[in-house]
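Take a look at the model below. A short report on its helices and contacts follows.

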Amino acid sequence: MKVHIEEEDKLLSGLYYQIGKQYAEHISKELEDLDEAVNQLDYPEGLNAWFQEFLQENEKKEQNVRRRKQLNGFSRRAAIFLIVIISGFALTTLSVEAFRLRLFNFVTEIKDQYTKIDIKENSGPQEENIELHLDNTFYPAYMPMDYTLTESQEFGTMRIMIFSNKEGKVIEIAQSPIGTSFQVDTENAVTSEVEINNVKGILIVKGNVRTLIWTIDQTALYIIGQIKEVEIIRIAENVTFKDKN
Amino acid sequence: MMLLFLMCIENVEDRTKLEEIYVKYHRYMYFIAHDILRDPHSAQDAVQTAIMKVVKFLDRINDIDCNKTKHLIVTIIKSTSIDLYRQKKKETNLHSDLVDEITHFQASNIEDLVIKTSEVHELMRKLIVINPDYANILTLKFYHDFNDKEIAQLLNISHENARVRLFRAKAALKKIIGSERSKDLEYKGMCENEGSY
């Protein structure tokens with residue numbers, strides 16, 4: 001009996017398809033016949049506003065998901081090292097080792113997969129509970145075409161600004177007082193020194209994602225994004241103090 | 001409803017597609033919902049819920065303006081509105097076709113089921129007369145190629161209910177074909193008898 005039904009179903013699948021096709025046509029005609037009546041019915045404009053909001057919500061969620069994926073990729077196999085920045089350091093032609101010891105005091109506590117970057121002031125007594133004055137915000141005067149500020153978040157003394165473009169790509173800029181820890185993925189990454197407005201910084205390249213860490217006065221900053229080296233440096237060089245007012 | 005907001009439209013193309021669907025069909029959707037619910041606020045709720053449901057099936061929509069898409073949109077808004085109507089009436093989740101008189105299906109002779117393409121339209125019309133839900137579920141299953149789970153989602157019915165409805169739709173169609181064949185044979189017999197005189 002079951003076999004018979006299955007055979008019959010196979011035989012009739014063409015007919016079922018044709019019935020479906022005819023029914024869809026029938027519904028389509030019915031819909032077209034509604035034209036006049038549809039236009040006569042008052043349509044709530046609130047529905048259009050809701051739909052726009054719905055699309056925007058989705059767009060934001062999509063960006064968040066992408067950013068989270070990007071950041072997760074970074075922290076998955078991250079290594080942790082400690083950097084102690086000596087205030088007023090003059091970095092010129094030093095080896096990586098010297099750079100670590102003398103200037104940043106990179107105390108590398110490289111664990112299996114994680115490395116922590118602690119940026120600390122090395123000279124003089126350190127103030128406890130360093131606060132980030134939000135009216136002393138550093139802001140990039142230059143951003144690649146299409147990127148606009150879409151989100152700004154604060155985590156304790158750290159402020160993170162997220163710039164996104166229409167393709168959903170993001171560039172994240174974080175700033176915090178010297179003394180804050182950053183987690184950076186250094187596994188299989190290429191690390192090099194760069195100079196940002198006569199101050200040494202670290203550029204970490206992993207795949208097509210670049211991270212740049214440097215300081216301005218008493219503030220440590222990093223930029224992360226899928227951007228070219230020339231662009232990330234240009235953004236960093238154009239980060240300027242922005243008055244709240 | 002807010003939980004559905006957690007769904008994320010995955011890319012720009014999908015958002016554009018949804019926007020095009022909305023622009024083309026939102027007034028029709030509202031009209032159909034209003035026709036069923038007879039209340040502007042409930043109709044608005046139904047359209048919103050239906051739009052969010054459309055998101056789940058965006059990958060199945062290729063051409064915004066084809067009959068297939070029109071049928072899908074109409075199915076979604078109708079089932080959403082009916083579901084909302086039932087909720088508002090505080091009806092239990094009994095679906096009409098489950099409490100209908102059971103259509104007993106007698107396995108037909110395969111030869112009797114062979115039909116001409118020209119007869120399809122008439123069969124479809126007769127199936128609509130028996131129960132439009134039957135024509136609809138056959139369309140979703142065999143024209144759109146949705147699986148039972150997707151059909152259940154689209155029609156706001158249980159998986160089991162979808163299977164039962166599909167079985168009955170096929171049975172009803174076969175019954176129609178069977179009765180058409182009987183008429184043909186009757187007519188043929190009458191002609192033969194006339195000839196013998």
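Among contacts in chain B between residues at least 6 apart in sequence, what percentage join residues at least 24 apart? The share is 71%. Two residues are in contact if their C-beta atoms, placed from the backbone, lie within 7 Å.

This is a predicted model: local features need pLDDT of at least 70, side-chain atom pairs count only at pLDDT 80 or more, and totals for chains, interfaces and linings use all residues. Residues are numbered from 1 along each chain as its sequence is written, while chains are lettered from A and ligands numbered from 1 in the order in which they are written.

**Chain B overall**

Chain B holds eight helices and zero strands. Helices (H or I, at least four residues) and strands (E, at least two) are DSSP runs, numbered from the N terminus. Of the 197 residues in chain B, 33% are buried. Buried means that 20 or more other C-beta atoms lie within 10 Å of the residue's own, with C-beta atoms placed from the backbone.

The expected span of a helix is 1.5 Å times one less than its number of residues.

| Helix of chain B | Residues in helix | End-to-end C-alpha distance | Expected span |
|---|---|---|---|
| Helix 3 | 22 residues | 31 Å | 32 Å |

Helix 3 of chain B is mostly covered, with 16 of its 22 residues buried. In helix 6 of chain B, 11 of the 12 residues are buried, so this helix is largely enclosed by the rest of the structure. Among them are B:Y134, B:L138 and B:F142. Just after helix 6 of chain B, B:D145 has a positive phi of about 70 degrees.

**A crossing in chain B**

The axes of helix 2 (residues 40–56) and helix 3 (residues 67–88) of chain B come within 9 Å and cross at roughly 130 degrees. Axes are lines fitted to C-alpha atoms, for helices over the stretch in contact, and angles run from 0 to 180 degrees between N-to-C directions. The two helices of chain B are therefore oblique to each other. Angles under 35 degrees count as roughly parallel, over 145 as roughly antiparallel, 65 to 115 as roughly perpendicular and the rest as oblique. Residues making this contact include B:A46 and B:A50 of helix 2 of chain B, and B:I77 and B:L84 of helix 3 of chain B.

**Where the chains meet**

In all, 39 residues of chain A are in contact with 40 residues of chain B. Helix 1 of chain A gives the most to the side of chain A that touches chain B, with 21 residues.
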